[in-house]
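Please read it alongside the view shown here.

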Amino acid sequence: MAQYARGSAVAVIRLRNPPVNALSRAVLQALEDGLKKADADPSVKAVMICGENGKFSAGADIRGFSAPKRLGGALGPVVSLIESSEKPVVAAIEGVALGGGLEVALGCHYRIAHVKARMGLPEVTLGLLPGAEGTQRLPRLIGVPAALDMITTGKHIPATEALKLGLVDEIVEENTIEAAIRLANKVIGQPLGPRRLSLKPVPKVPNMEAFLDEALAKVKRQARGCLAPELCFQAVRAATQSPFADGVRRERELFQVLLSSGQAQALQYAFFAERAVRRWATPGGASWSSAAPQPVRRAAVIGLGTMGRGIVTSLVKANIPLVALEQDLENLNKGRKAVMFLLEREAMKMEGGAQVLDFHNPARLQFTVDFDLLRDVDLVIEAVFENMALKKEIFHKLSKICKPGALLCTNTSALNIDEIASATNRPQQVIGTHFFSPAHVMRLLEIIYGRHTSPTAIATAMQLATALKKVGVVVGNCFGFVGNRMMFPYVQQAVFLLEEGSRPDAVDQALEDFGFKIGPFRMSDLAGLDVGWRSRKDQGLTGPSLPAGTPARQRRGQRYSPLPDLLCEHGRFGQKTGKGWYLYEKAGGRTATPDPWLLNFLSQYRDTHGIQTRFIDQEEILERCLFSLINEGFAILAEGIASGPEHLDVIYINGYGWPKHRGGPMFYASTVGLPRVLAKLQKYSEAHPDVPGLQPSAFLKKLAAVGNPPLKEWMSYLSQQSSKL
Ligand SMILES: CCCCCCC/C=C/C(=O)SCCNC(=O)CCNC(=O)[C@H](O)C(C)(C)COP(=O)(O)OP(=O)(O)OC[C@H]1O[C@@H](n2cnc3c(N)ncnc32)[C@H](O)[C@@H]1OP(=O)(O)O
């Protein structure tokens, strides 16, 4: 709703739709009614629009885009109505003015913002464009380069920047509403023509066409298959080429194209999925609604390797005082130097820089080799390398040293949380926190509860994720947890495809064309092939513990490819050694080129094992890699390791480079249709009966059999009928 009130000469229209004053049909109707009332009342000389509870508006109600009677069409006309008012209209922007909210403000004749307010047109991140005339008004107000940047990236800008750009007329530190009313009183009677953005020309840029061509090339490069950025660009370009009314028509056409694209649905699903995973629950009945986190006033990180350095940086950025511990002085000094380098770099990106981060202050960041300094910390994150014996030794020590309430977190990508917890006297306070590299950049934090982990521990880890500005996703304990467990069959298929005749660059290209930031072989070279090799040796799959006589391409009765092991035996660990699945310009180089040595090696390998080389098309590459990953996802859901498909999708989007405009693997499966996914898996598993990852999971079969229900209903089939699976 919007509340209309009349003060002296200024009528106040307050947008009201908690929590963020989203512009629903009802709000828009009330806004329109308020404007008409003000217009008809001769004692009203000006209007002020603001939002309830210190927030202007977060824009159109996103849920309305999928409603049968779609919201949206009504917004543009309301913005026009505001602009055409014969009485000055002032927007008082507090909190956020985003999307349609900012478009409403752009319809106003004056905009005044609180210094802490943020503004933006983030529609592009939802697969849309600012379809309420925003693509036509914003360039007229702040110029084409700045408008293009805001509209094609969707970034939120602070009020101070908005003032510099001319997006707002004034910023205030005190009461925005009172300041806006003062401004409204002041401008009564002044001509409104110059304040109507639709009447202004688009400011000229020298050599506009060349500028636009370059901007388009940049937008396309960054979009990687996502439609919205390019259509946003086209709408802004229309503003530079056509009168306002024609530009608005073009904007509407482009908006409709996006609205009906599957990408908008996927991105909006991703928006809500990210929020849904905050409401975590475990099969044991613990949940976000009843568990309270404990405060973390001081933390510790153990191990200053690649992961530890990123985690320390992340904690410093979150303003959490901490102790960073290494096993000896040599490693400590190496780690300290690397952390300082990361922090200096982060500080340069921030307003206030090193002073704000305060990392030279030992009270905030202390480096040590002394375990005793961990006595009074509230939370420890162990980030040593993946070795169960070492981790258990550390946790045993921690349970003796740390104060009773301290939360003990292990940064592991696959190891058993219960086994690590068994080394302590407080398994209820042990939890997995799987960070992704680089830990100060990547948004995902997989939070793994063990058999004994308490609800308080989970709530505290989730609170930590929020403090670190990460997306925490709570999952159960199994080998590889959710992310890596789904990744295993995907990578396995990629390697099998090489055995059968494909090439690393062909597989990578197919998956990068699908939208992945990086294909599996480039990723493996980046991460280092030795990491998986070590783990396979620990599992007895390769190396000296492999029993004599084990068939080269079989382990435990299943198909196995020794290709990655063979590459490691040749010293090809990826980028760090200058060669892996690709060749690099030097050790540590980043430019991957196909390596004739590898292609020759593959061909000899196929000859040795009597494998007939065949051509493998893009469709098979995608289906085998993606559907096997999705299939594992269904098994994970059936086992209760994750409480819904949204969890899997949020993990894949934020930790594994899955293209957000495809909504995550489980959402993608729902768009392909589960019967089709099932049929393909059945086909491939018949061709490769010794590959369990291709055998359709019982849950997938069940969902296909009950008629391919929508994703949000999947879990209900599990709880009702799991006994029959
Ligand atoms: C020809 C046709 C023309 C049509 C023209 C239409 C053009 C306009 C389009 C739009 O305006 S699209 C919307 C653009 N706005 C956004 O993308 C903003 C999205 N929201 C956010 O970024 C954040 O929510 C926030 C506003 C920065 C607040 O963040 P915070 O972390 O404080 O809270 P959240 O947990 O994110 O949100 C709280 C709660 O509110 C829900 N919500 C937020 N924004 C919207 C929205 N625009 N519509 C509906 N619901 C919204 C959010 O989902 C949370 O609720 P739960 O999911 O937890 O229940």
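Glutamine 263 lies in helix α11. The model is a predicted one, and in it glutamine 263 has a relative accessible area of 15%, which falls under the 20% limit for a buried residue, so glutamine 263 counts as buried. Leaving aside neighbours within four places in sequence, glutamine 263 is in contact with Gly225, Cys226, Leu227 and Ala228, and also with His661. Lysine 45, by comparison, is 218 residues away from glutamine 263 in sequence, and the C-alpha atoms of the two are 45 Å apart in space.

Threonine 282 is buried, with a relative accessible area of 13%. When residues up to four places away in sequence are not counted, threonine 282 touches Tyr449 and Ile458.

## Confidence and division into domains

The mean pLDDT of the protein is 95, and 98% of its residues reach 70 or more. Over residues 721-725, however, the pLDDT is below 50, although this stretch has seven contacts in the model beyond near neighbours in sequence. Where pLDDT is low, the predicted coordinates should not be read in detail. The model as a whole scores ipTM 0.98 and pTM 0.95.

The protein is divided into domain 1 (2-259), domain 2 (299-475), domain 3 (502-608) and domain 4 (618-724). Taken over C-alpha atoms, the centres of domain 1 and domain 3 are separated by 52 Å.

Strand β3 (residues 46-51) runs parallel to β4 and is joined to it by three bridges, with methionine 48 standing opposite valine 90. Strand β6 (residues 110-114) also runs parallel to β4, here through four bridges, and alanine 113 in β6 is the bridge partner of isoleucine 93.

Three bridges pair β5 with strand β7 (residues 118-120) in the parallel sense, and leucine 98 stands opposite glycine 120 in β7.

## The eight-stranded sheet

An open sheet of eight strands has the order β12-β11-β10-β13-β14-β15-β16-β17, again with mixed pairing. Its edge strands are β12 (365-368) and β17 (471-475), each pairing on one side only, and the twist averages 25° from one strand to the next.

Strand β16 (residues 444-449) runs parallel to β17, the two being joined by five bridges, and glutamate 446 stands opposite valine 473 in β17. Helix α15 (residues 388-401) packs on the sheet, where it touches β10, β13 (379-382), β14 (407-410) and β15 (430-435), and its direction makes about 170° with that of β14.

How are the axes of α24 and α28 oriented relative to each other? The axes of helix α24 (residues 618-638) and helix α28 (residues 698-705) come within 7 Å and cross at roughly 95°, and because angles of 65 to 115 degrees count as roughly perpendicular, α24 and α28 are placed in that class. At this crossing, Asn631, Phe634, Leu637 and Ala638 in α24 meet Phe699, Leu700 and Leu703 in α28.

Helix α18 (residues 483-500) and helix α23 (residues 596-608) have axes that come within 8 Å and cross at roughly 75°, and these helices are therefore roughly perpendicular to each other. Here Leu498, Glu499 and Glu500 in α18 meet Leu602, Tyr605 and Arg606 in α23.

Definitions and conventions
Residues are numbered from 1 along each chain as its sequence is written. This is a predicted model: local features need pLDDT of at least 70, side-chain atom pairs count only at pLDDT 80 or more; totals for chains, interfaces and linings use all residues. Side-chain values use heavy atoms; hydrogens and water are left out. Buried means under 20% relative accessible area, exposed over 50%, partly exposed in between (1.4 Å probe, protein chains only). Contact means heavy atoms within 4.5 Å. Domain bounds come from an automatic or database domain assignment. pLDDT is the predictor's confidence in each residue, from 0 to 100. Two strands pair if DSSP finds at least two bridges between them. Axes are lines fitted to C-alpha atoms, for helices over the stretch in contact, and angles run from 0 to 180 degrees between N-to-C directions. Angles under 35 degrees count as roughly parallel, over 145 as roughly antiparallel, 65 to 115 as roughly perpendicular and the rest as oblique.
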